[in-house]
Amino acid sequence: MSIKLNSGYEMPLVGFGCWKLDESKASEVVLDAIESGYKLFDGAQDYGNCKQIGEALKKSPVPREKLFITSKLWNSYHDPKHVEEACDKVLSDLGLDYLDLWLIHFPIAQKFIPFDKKYPPGFTCSLEDDKFHFEDIPLAETWKAMKSLAKKGKVKSIGISNFSGALIQDLLRGCEIKPAVLQIEHHAYLQQPRLIEYVQSQGIAITAYSSFGPQSFLELKSKKALDTPTLFAHDTIKTIASKHDKSPAQILLRWTTQRNIAVIPKSNNKKRMIENLKVTDFDLSEEEMKEISKLDKELRFNDPWDWDKIPIFI
Ligand SMILES: NC(=O)c1ccc[n+]([C@@H]2O[C@H](COP(=O)([O-])OP(=O)(O)OC[C@H]3O[C@@H](n4cnc5c(N)ncnc54)[C@H](OP(=O)(O)O)[C@@H]3O)[C@@H](O)[C@H]2O)c1
């Protein structure tokens, strides 16, 4: 199953997330995912594993044109003069000549770090200390550079991630090419129904990340995640799962895909990656969908306010 993007291309409804793959086994894990049937791979410059993904793509039994490869411009390359070289670096690390989707990772412009000094430049984009360093680059300028890559054919579709309604509205006012996709944190504890209604009404597809809520942030020792009950053991999710003879993870993913929102679960484990792919061949009842909607806590785990009081979601 797929979503038709406003760029004319089809994006698979279920993909494979590549953040925090086991570093030593990333290539093997991606190859497992290809062999399991995943077509969409969601990567980013910041994940530091483009080369390993590229190695898997080289061995892929599935031809390039049947795959959908997403990557993301890191915060340190927002200056229009760096957007193309950032994309070229990703393409060369992946061993590809085009991306299916190229996203602005965050609406945050950080200090440029030359590739030969540090790549990827990391969370703070600093060479000399552990403080965050920013640059004055308006998003509209970055977007124009993204658009020119789409026009050159280096990327088939362009999109955004971690943008709020106000920023999306502003981008739409001046843009020649609309974002095809918005990628956001979206799970039962952070539902954002008004953002989703607005974005879908503008013909922009949505991809949900961190569909399992706190789970992904446990290994980062996030206090918020450690203090939040796991969604997998939530009574509502467990009851619905046993009714359908599915796992709690499959219920969380189906609650999302059933609303035409793409998911990109990540797993280092072959059994779980296969399980996560089977989330479009059954339906939750309207009542079950509503029950899950009641679990919203407006609880965001990936919030730049917690990094350095960066105000993108306030
Ligand atoms: N745009 C952005 O800013 C942004 C931010 C975050 C993530 N993303 C993208 O979204 C993808 C997915 O989000 P995520 O990695 O944060 O989290 P996620 O997919 O919600 O959760 C991953 C965690 O769940 C576990 N898991 C996976 N399948 C499971 C299952 N069936 N049952 C039980 N546990 C399971 C994984 O452990 P195992 O590996 O051990 O299975 C891992 O700990 C990322 O990989 C990345 O591509 C984008």
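Reader: Where is P120 found?
Author: P120 is in the loop between β6 and α4. Helices here are DSSP runs of H or I with at least four residues, strands are runs of E with at least two, and both are numbered from the N terminus. Keep in mind that this is a predicted model, where local features need pLDDT of at least 70, side-chain atom pairs count only at pLDDT 80 or more, and totals for chains, interfaces and linings use all residues. Residues are numbered from 1 along each chain as its sequence is written.

Reader: Thanks! What kind of peptide bond joins Y119 and P120?
Author: A cis one, with omega about -10°. For background, most peptide bonds are trans, and most residues other than glycine have a negative phi.

Reader: New topic: what is the strand order in the open sheet?
Author: The order is β3-β4-β5-β6-β7-β8-β9-β10, eight strands with parallel pairing. Two strands pair if DSSP finds at least two bridges between them. The edges are β3 (15-17) and β10 (262-263), each of which pairs on one side only.

Reader: How many bridges join β6 to β7?
Author: Five, between β6 (residues 99-104) and β7 (residues 155-161), and these two strands run parallel. For instance, W102 has I158 of β7 as its bridge partner.

Reader: Okay, helices now. At what angle do α3 and α4 pack?
Author: Helix α3 (residues 80-94) and helix α4 (residues 139-152) pack at about 40°, and their axes are 8 Å apart. Axes are lines fitted to C-alpha atoms, for helices over the stretch in contact, and angles run from 0 to 180 degrees between N-to-C directions. α3 and α4 are therefore oblique to each other. Angles under 35 degrees count as roughly parallel, over 145 as roughly antiparallel, 65 to 115 as roughly perpendicular and the rest as oblique.

Reader: Which residues of α3 and α4 make the contact?
Author: On α3 they are P80, V83, E84 and C87, and on α4 they are E141, T142, K144, A145, M146 and L149. Contact here means C-beta atoms, placed from the backbone, that lie within 7 Å. By class, the contact of α3 with α4 has six nonpolar, one polar and three charged residues. Ala, Val, Leu, Ile, Met, Phe, Trp, Tyr, Cys and Pro count as nonpolar, Asp, Glu, Lys and Arg as charged, and the others, Gly among them, as polar.

Reader: What about α4 and α5, how do their axes cross?
Author: At roughly 55°, with the axes of α4 and helix α5 (residues 165-174) coming within 10 Å. That makes α4 oblique to α5. L139, A140 and W143 of α4 make the contact with L167, L171 and G174 of α5. Five of the contact residues are nonpolar, one is polar and none is charged.

Reader: Last one: how many residues surround the ligand?
Author: There are 27, and the closest are G17, Y209, S216, A249 and K266. A residue counts as near a molecule if its C-beta atom, placed from the backbone, lies within 6 Å of it. The elements giving two or more residues to this shell are α7 (215-218) and α11 (270-277). α11 gives the most, with three residues.

Reader: And how does the shell around the ligand divide by class?
Author: It has seven nonpolar, 15 polar and five charged residues.

Notes:
Two residues are in contact if their C-beta atoms, placed from the backbone, lie within 7 Å.
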